[in-house]
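Here are a few notes to read with the model open beside you.

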Amino acid sequence: MAELPVGFSSCKFAEMTTQEATYFLLTQLRTIYTDGEASQLTDWVMEALTGSDKTERMQYKNTAMTNQEEKLLSTYTDRLLKNEPVQYVLNESWFYGSKFYVDKNVLIPRPETEELVDWIISDYKSALTTGKSAGTELKILDIGSGSGCIPISLKLKIPQAEVWTCDISTKALEVAKRNALELGTEIKFVQLDFLDKEAWKNLPLFDIIVSNPPYVPEKDKESMNSNVLEYEPSTSLFVPDDDPFVFYKAIAEFGKTQLKKSGNIYVEIHESLRAATMNIFLSSGYHPELKKDMQQKDRMIKSGLL
C-alpha cells in the first residue's frame, strides 16, 4: 500500500474527505509524474471513484469517502505508482466520444486511431446522405478487433452499415463483444488468423476495409516507455524486424479479391515506414493516399484499387 503523505500519518485512511483523498493521490503521483500529468490522472481517478466531475466534487469536498472508495483509492494508487496505465487501472478508455471497457488483453485506444475513424466517416457521410451509397448495403471490415473501438465507433456513426470485425485472440474478442453490447451496437465478430489466407474464404466482399495492425518493429522496444512494454499486449504492437510489413502485405492481397471495385482500404501506419508501406499498396495495384495526423506525422493511408 502506498504510504500516506506528510500530514496524514495520524489520521485513519477511512476518515479521508474527498478533498483529502484528492490531495493524497495527487501527492503520490507527483513522485513519478509531472505536475500536469499527476493532476490529470488524479482528476480522472477521482471522477471514476465518486461518479462526479471536478466542479461537483468541490461542492462536497469535506464529505467523507466511503469505505469502498477508500479501498479502491489505495489499490489504484499502488497500481499507478508501478506505471500501470490508468486505463487498465480503471478498466476504461474514451474513444470517439464513447467509453470503452479495456483490460490487459487489448491495446489502449489512441487519439491517432480516432483520426483514422474520422477519415472514414468524413468520406462516407456525404455519400450516405446524398444517396450515392446505399447505407443498408455498405459493408465494413475491421481487421484486428482489439477493444472494438474502431468497428463500434463506425457502427455508431454509420448505423446503416453492416460492420464486421475479426481477431485471432479469443480474449480480445470477448472485450470487443462486451463493448458492443454495452454501447448498443450490432457487430459481426469472426475469430480468425488474418495471416492465414485460407481463413479469408469465410468473409464476404467489403466496401471499406480498415485496420490498425501491429506495425512496430521489435528493435523499437528499446526506445519505448515501460508502461507500454510491461502492460500492453505485445502481439498487438510488434512485428518482426525482418518483416515489419507482414500485415500490410496481407491486407493489400486480401483487398484484391475482397474489396469492392469502388471500395477503399484505410490503415494506420508507422510514420518512419511510410514510403515502404505506400509502395506495398502501389505495387499491389492500388492508388494510395497518405494523410498526416494532428501532430503532423504521416500516420494513415487510404487506398482504392486502380
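How many nonpolar, polar and charged residues are there in the lining of the second largest pocket? The lining has 2 nonpolar, 5 polar and 4 charged residues. In this count Ala, Val, Leu, Ile, Met, Phe, Trp, Tyr, Cys and Pro are nonpolar, Asp, Glu, Lys and Arg are charged, and the others, Gly among them, are polar.

1. First, some ground rules. This is a predicted model, where local features need pLDDT of at least 70 and side-chain atom pairs count only at pLDDT 80 or more, while totals for chains, interfaces and linings use all residues. Residues are numbered from 1 along each chain as its sequence is written, and side-chain values use heavy atoms, with hydrogens and water left out.

2. Back to that pocket. The second largest pocket has a volume of about 210 Å³, meaning the space filled by probe spheres set on its grid points, joined across faces, edges and corners. A pocket here is an open set of points on a 1 Å grid over the protein atoms alone, where a 1.4 Å probe fits, with protein on both sides within 12 Å along at least five of seven lines; lining residues have an atom within 4 Å of a point.

3. Who lines the pocket? Among the lining residues are Thr18, Gln19, Thr22 and Leu26, along with Asp43, Lys54, Arg57 and Lys61. Helix 1 (18-29), helix 2 (35-50) and helix 3 (54-59) each supply at least two lining residues, and helix 1 gives the most, with 4. Helices are DSSP runs (H or I, at least four residues), numbered from the N terminus.

4. Now follow helix 1 to helix 4 (residues 67-80): their axes come within 10 Å and cross at roughly 15 degrees. That is why helix 1 counts as roughly parallel to helix 4 (the term covers angles under 35 degrees, and over 145 is roughly antiparallel). Axes are lines fitted to C-alpha atoms over the stretch in contact, and angles run from 0 to 180 degrees between N-to-C directions. Ala21, Phe24, Leu25, Gln28 and Leu29 in helix 1 meet Leu73, Thr77 and Leu80 in helix 4, with contact meaning heavy atoms within 4.5 Å. These residues split into 6 nonpolar, 2 polar and no charged.

5. Helix 4 also packs with helix 2, their axes coming within 10 Å and crossing at roughly 150 degrees. So helix 2 is roughly antiparallel to helix 4. Val45, Leu49 and Thr50 in helix 2 touch Glu69, Leu72, Leu73, Tyr76 and Leu80 in helix 4. Here the classes are 6 nonpolar, 1 polar and 1 charged.

6. Further along, the axes of helix 10 (residues 246-258) and helix 11 (residues 274-283) come within 9 Å and cross at roughly 25 degrees. Helix 10 is therefore roughly parallel to helix 11. Tyr248, Lys249 and Ala252 in helix 10 meet Thr277, Ile280 and Phe281 in helix 11.

Methods. Angles under 35 degrees count as roughly parallel, over 145 as roughly antiparallel, 65 to 115 as roughly perpendicular and the rest as oblique.
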